[in-house]
Amino acid sequence: MNNTIFSPGTFIRSSTKHIVMATNEYAGTRLRHLKGSDYEVADGQPDIRGWDVKDSNGKTIGEVDDLIFDEQSLKVRYMTVDLDDNDFDLDDDKDVLIPIGYGEIPEKDDEIIVPNITAAQLSALPAYDDDHGITSEDEYRIRNVFAGTGVGAAAVTAGAINEDFYNHDYYNQDNLHRRRNALSGNTAKGTNTASTTVADTIPAATTGTTDTYSTNVPGSEQNTTIPVIEENVEISKQQVRTGGAYIRARVVEKPIEETVNLREEHLNIERKPVDRPANSTDFDTFKEGAIELEEHAEVPVVNKQARVVEEITVNKEVSERTETVRDTVRKTEVDIENLGNNTSDSTYNRAGDARDI
């Protein structure tokens with residue numbers, strides 16, 4: 001197992017020139033595909049393309065197909081994950097974007113762990129297509145899915161994408177190494193056995209851990225250093241989705257039926273034999289000629305007129321409320337007891353001198 005502790009820094013470096021295809025309107029041309037560009041993974045950083053992506057239980061999510069990075073800051077923003085052969089019964093032909101800060105590299109170098117991800121989150125992620133790129137709406141939808149507000153939500157309130165948008169742990173590329181760094185830090189941490197060891201331990205700032213402090217005795221002098229730690233609390237605000245509405249207009253057809261009386265004309269031609277002398281009236285019609293008679297019939301005619309029968313107005317009201325946030329902070333308190341003889345002129349004659357540092 002590689003226990004190297006990776007340092008924060010540039011993940012992507014330029015290998016030659018800067019001619020690549022833009023994938024986002026963000027600042028014009030800032031988000032890039034690593035694949036096919038003139039950039040490469042910086043020395044000391046892992047090239048995770050082609051690695052398997054799994055959840056904490058070892059179920060396969062897919063494979064890292066490419067990395068999306070910010071050309072100006074040279075920081076990776078997303079992993080392009082191909083969901084082919086996944087264990088979540090999802091569409092194998094779908095590619096999704098997972099923020100780089102959600103991935104962790106475990107003990108071996110051929111897989112990425114995305115802790116606590118669910119099938120519902122993977123299903124809610126928008127499908128990614130290299131040809132169409134990334135829109136602001138896609139980025140807001142992705143962030144909302146992982147913030148716990150986007151699963152099953154169809155409406156996305158997309159705003160401007162700027163550097164502040166990525167100022168979140170979701171996009172912290174150094175999180176890839178937190179599992180290894182934590183393991184390496186625990187391995188390197190131990191008791192300093194030099195000289196004399198102080199029996200008592202002082203609680204560290206991190207919950208559940210203790211540090212043992214050592215006392216060095218150079219010659220006849222004793223020199224002990226005890227760090228005094230105090231926590232500070234910083235309370236900020238984060239906008240999360242608490243609701244919304246998805247309004248979609250569609251056209252439906254409804255069959256109608258109505259009875260209409262229609263009139264039709266029919267010609268009846270009758271020939272009957274007669275035998276009588278011809279009179280003057282008969283001689284008037286005794287000439288060549290033609291008579292044309294027409295038949296007519298009524299047919300139904302349908303006229304449709306569209307009318308506005310309802311209007312839907314959507315507006316947003318903003319209200320403010322005051323909430324009290326309560327938490328605790330810790331600090332180190334050191335009790336000092338002076339030990340001396342019982343003579344009246346001793347400067348250490350006090351039974352106990354407790355000071356809060």
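Colleague: Which side chains are joined by a polar contact of 2.8 Å?

Modeller: Those of arginine 321 and glutamate 323. A polar contact is a pair of N or O atoms within 3.5 Å; within protein, one must be able to donate a hydrogen and the other to accept it, and residues adjacent in sequence count only if both atoms are side-chain atoms. Keep in mind that this is a predicted model, where local features need pLDDT of at least 70, side-chain atom pairs count only at pLDDT 80 or more, and totals for chains, interfaces and linings use all residues. Residues are numbered from 1 along each chain as its sequence is written, and side-chain values use heavy atoms, leaving out hydrogens and water.

Colleague: Where does arginine 321 lie?

Modeller: Look in the segment after α4 (280-284). Helices (H or I, at least four residues) and strands (E, at least two) are DSSP runs, numbered from the N terminus. The protein has four helices and 13 strands.

Colleague: Is arginine 321 buried or exposed?

Modeller: Buried means under 20% relative accessible area, exposed over 50%, and partly exposed in between (1.4 Å probe, protein chains only). Arginine 321 has 68% relative accessibility, so it counts as exposed. Across the 357 residues of the protein, 29% count as buried.

Colleague: What about asparagine 261, buried or exposed?

Modeller: Asparagine 261 is exposed, because its relative accessible area is 74%. You'll find asparagine 261 in the loop between β13 (223-224) and α4.

Colleague: How many residues along the chain separate asparagine 261 and valine 299?

Modeller: They're 38 residues apart, while their C-alpha atoms are separated by 9.4 Å.
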